[in-house]
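Please examine the sequence and the three-dimensional structure shown below before reading on. The report then describes selected parts.

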Amino acid sequence: MRRDMRRDMRRDMRSDMRRYMRSDMRRDIRRDMRNQLYSQLKHQFLSLSREPIGTRKMQVLSYITIRRYSSGDEIHPFTFSSLHRLACYIDLVYNNLSGLFPELTANKVMSIKKSITDRTYTMSPLRLSVFSKSKIGELKRPKYNYIMHANAQPNLCYCVNPTQEDSLVLMGLGIMLNNKIVKDNLLMDNSLGLKTLLKDYLDIVCSRVNVSILSKLDLTNSMKTINRDTLLYKLSHIVMDEEIISLVSQFLYSPIKDESGIEYKTGVNIPSSALITDVLLNFALIEFDKEFQRLFPQLDYTRYINEVFVSFSTTESKQGKTLEIFEQKVVSLFDQLNLSGKIISIGPGDAPVPCLGGLVSVSQDGLIQVQVKEQ
């Protein structure tokens, strides 16, 4: 009887030990995979643009996919939810750009991440700031500075900003969405926004020779005309995650209020909030890239988010591709895709025209020149 008892005790001990080891191993594996994800995300984040923070573009050079390897089985995607991945991006943004969020403490960021993963995070209304245009030199000029309500005064500038909590979440969300867009190769080769440095984009534009006409298309006003429901529908087929789409929808439909709580109607469908605005506008204009190059396959076309440069050579001008016909077709394409933009044509010797990063002009010998503005 004692022998049987000892045997049963040894068997139970071995069974308990095996269960403990399996549990411990699973915990270690999960920890190692979390550390691997964080390490790769951090490496990616630190490899982004090295421009000053005030003008930094969150360049995404590669999309990180963490995979789980199991012996004898095929490779399966790591079951890390999109919301947990977003929480990792939020953590990385805060750790590397904490100076942009002086009101946020580490505990507050932990609370934000928990509400994200718990699916309870709700964005606050966007805040409207109004100041005199005479002070524009004392303040950082917003990229999309045309935001204004129906009773806007011409001598005032109206800027829209999210709270610091929402800014942190939107920055992480913007990087995450852009990763997916770049990873899936949705952008055409000559659509360089948020996958190429601004300097490299300007170098590509300046590499053209024998330019007789340089047309600049400014598509910023498309933020007023792009249909938000259509944008969300197209994005849902790429992201395929209801929680992420819900966060994007909260941003797109967020009300805009001033300090006294009065709501303003801006007529803008994609609000201004730096990176996430760039990512959504960049994604919305993919169809324009395809249709434009279908209409004008021989023209040199380069787009960087809201700015397009199209150059005509002397040969193309002689073939009948006149500026008037070109502009008519472009305006028709704007109407077809529910977009809005301005067309500015620059000839050799014309005065420089503002562009992203500086002033652009065409020399008498047909070379494109960009005078880069100081940061």
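## Basis of the report

This is a predicted model, in which local features need pLDDT of at least 70 and side-chain atom pairs count only at pLDDT 80 or more, while totals for chains, interfaces and linings use all residues. Residues are numbered from 1 along each chain as its sequence is written, and side-chain values use heavy atoms, with hydrogens and water left out.

Helices (H or I, at least four residues) and strands (E, at least two) are DSSP runs, numbered from the N terminus. Axes are lines fitted to C-alpha atoms, for helices over the stretch in contact, and angles run from 0 to 180 degrees between N-to-C directions.

Helix α4 comprises residues 164-183 and helix α7 residues 242-252; their axes come within 11 Å and cross at roughly 125 degrees. This angle makes α4 oblique to α7. Angles under 35 degrees count as roughly parallel, over 145 as roughly antiparallel, 65 to 115 as roughly perpendicular and the rest as oblique. The crossing of α4 and α7 is left-handed, a term used if the near helix is turned anticlockwise from the far one by less than a right angle, whereas clockwise gives right-handed. In this contact (heavy atoms within 4.5 Å), α4 contributes Leu 170, Leu 173, Met 176 and Leu 177, and α7 contributes Ile 244, Leu 247, Val 248 and Phe 251. By class, these are eight nonpolar residues, with no polar and no charged ones. Ala, Val, Leu, Ile, Met, Phe, Trp, Tyr, Cys and Pro count as nonpolar, Asp, Glu, Lys and Arg as charged, and the others, Gly among them, as polar.

Helix α4 also packs with helix α8 (residues 275-284), at an angle of about 30 degrees and with the axes 8 Å apart. The two helices are therefore roughly parallel. Their crossing is left-handed. On the α4 side, the contact includes Leu 170, Gly 174 and Asn 178, and on the α8 side it includes Leu 275, Val 279 and Phe 283. The classes in this contact are 11 nonpolar, two polar and no charged residues.

## Helices α2 and α3

How do helix α2 and helix α3 pack, and at what angle? Helix α2 (residues 82-96) meets helix α3 (residues 106-117) at about 160 degrees, with the axes 9 Å apart. That angle makes α2 roughly antiparallel to α3. The crossing of α2 and α3 is right-handed. Among the contact residues are His 84, Ile 90 and Asp 91 of α2, together with Val 109, Lys 113 and Thr 117 of α3. This contact has eight nonpolar, two polar and two charged residues.

## Two open sheets

Strands of a sheet pair through backbone hydrogen bonds, either parallel or antiparallel. Two strands pair if DSSP finds at least two bridges between them. Three bridges join β11 to β12 (residues 358-362), and Pro 354 stands opposite Leu 359 in β12.

Another open sheet has four strands in the order β4-β3-β6-β7, with mixed pairing. Its edge strands are β4 (156-161) and β7 (263-264), each with a single partner, so one side of each is left without a neighbour in the sheet. Strand β6 (residues 256-257) pairs with β7 in the antiparallel sense over two bridges. Lys 257 has Glu 263 in β7 as its bridge partner.

## Aromatic pairs

Nine aromatic pairs are found in a search of the whole structure. Rings of Phe, Tyr and Trp (its six-membered ring) pair if their centres lie within 6.5 Å; planes under 30 degrees apart count as stacked, over 60 as edge-to-face and the rest as tilted. Phe 288 and Phe 292 form a tilted pair, with 5.8 Å centre to centre and 45 degrees between the planes. Both residues, Phe 288 and Phe 292, lie in helix α9 (residues 286-295), four residues apart, about one turn of the helix.
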